Amino acid sequence: MSTVQIPEALDSLAIEVPSWAYGNSGTRFKVFGTPGTPRTVQEKLQDAAKVNELTGLAPSVALHIPWDKVEDYAALREYAEGLGVKLGTINSNTFQDDVYKFGSLTHSDESVRRRAIEHHLECIDIMDATGSRDLKIWLADGTNYPGQDDIRARQDRLAESLSEIYARLGDEQRLVLEYKFFEPAFYHTDVPDWGTSYAQTLALGEKAFVCLDTGHHAPGTNIEFIVAQLLRLGKLGSFDFNSRFYADDDLIVGAADPFQLFRIMVEVVRGGGLEPNSDVALMLDQCHNLEEKIPGQIRSVLNVQEMTLRALLLDRAALAEAQRNHDVLAANAVFMDAFYTDVRPALAAWRQERGLPADPMAAYAASGYQKLINDARVGGTQAGWGA
Ligand code: LRH
Ligand code: MN
Ligand code: MN
């Protein structure tokens, strides 16, 4: 019998899954095909619904446009809802067309900027049809060589382009601006860090927020500090969760550094990020190059759930007491106690109480779903990279 008491706050934990996680992906060296890969957006939604069915944790699916382009988004919404999931964040994409070689929202040529702005306005039209709240913008814009372009003028053009997109948002809609310090640009990136995203979104207004992708930081960056700071400033809009060893590796969240995920979730809880009506949306942004995609996603949402529970179990009163006494070792011990708590047996029981499988990974393996899709789907598509 486990002694872990699960706080009610865990009941409402929701992690959005990305449609592109179900497609084949890889590196610039090779994209391996996986049996059962979805051929259509609808099939990606079916797989996402399976993850939600077995975990109760993934009620919405992010789309990437044009990777998930369809004729009728209202019909797609109905289809998703029929499967028990909602359509979530709409991700724009100005990083795969030749016209954007030298930038999109920051481009020096007005006609290219116009095209990129129009793409975002189209994404907002899609949000109107899908009922999505968030438009997520990540830009590949940047330069490879010092002197290649005027980096300050690019900031000005970015601000102008973003304000036109922002002006089109509905009352309940939001814009989240994701930062990344390098790649595909190698000298400078136009939105490299949280400070730039904060400055740009602050100028836009209260419906604009920062998106923090955990893979988009230099090694050694204290990400939980950024989380604390953005929550303090009321500007943390969303997470793209994944793991990195070296760069933007897009591996399963919590796989590379579970302790870092714990530290991040401690700050999320501390900053009110799990409270009802919080501004913070939790999402995965991952690719499964080698492993099977559906169990990869199941593992991912379970990792977030486990670390969230450990963060909720942190004895904050004891921690505050030790901190007040400047008892460094006691404070650290309280912190580590929560991290080292094995919450898995308690979570298994908690799931069963809610009619979910105690072990979603085992339930998936036993479900026969993988064989079903392997047989039914021939010629699945790539996640989008190079597609
Ligand atoms: C960029 C990024 C961004 C994209 C996704 C596919 O590296 O993190 O969120 O939309 O990958
Ligand atoms: Mn991302
Ligand atoms: Mn990324």
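**Exercise 1.** Work out how helix α1 and helix α8 cross, and which residues make the contact.

*Solution.* 
Step 1: Take the axes of α1 (residues 41-55) and α8 (residues 293-313): they come within 10 Å and cross at roughly 45 degrees. Axes here are lines fitted to C-alpha atoms over the stretch in contact, with angles from 0 to 180 degrees between N-to-C directions.
Step 2: That makes α1 oblique to α8 (under 35 degrees is roughly parallel, over 145 roughly antiparallel, 65 to 115 roughly perpendicular, the rest oblique).
Step 3: On the α1 side, the contact uses D47, K50, V51, L54 and T55, and on the α8 side K293, I294, Q297, I298, V301 and L302 (C-beta atoms, placed from the backbone, within 7 Å).
Step 4: Sort these residues and you get 6 nonpolar, 2 polar and 3 charged (Ala, Val, Leu, Ile, Met, Phe, Trp, Tyr, Cys and Pro are nonpolar; Asp, Glu, Lys and Arg charged; the others, Gly among them, polar).

A word on the model: it's predicted, so local features need pLDDT of at least 70 and side-chain atom pairs 80 or more, while totals for chains, interfaces and linings use all residues. Residues are numbered from 1 along each chain as written, with chains lettered from A and ligands numbered from 1 in written order.

**Exercise 2.** List the residues that surround ligand 1 and sort them by class.

*Solution.* 
Step 1: Around ligand 1 you'll find N91, W138, E178, K180, D213, D240, D248 and D285 (C-beta atom, placed from the backbone, within 6 Å).
Step 2: This shell splits into 6 charged, 1 polar and 1 nonpolar.

How values were computed: Helix = DSSP H or I, 4+ residues; strand = E, 2+ residues; numbered from the N terminus. Contact = placed C-beta atoms within 7 Å.
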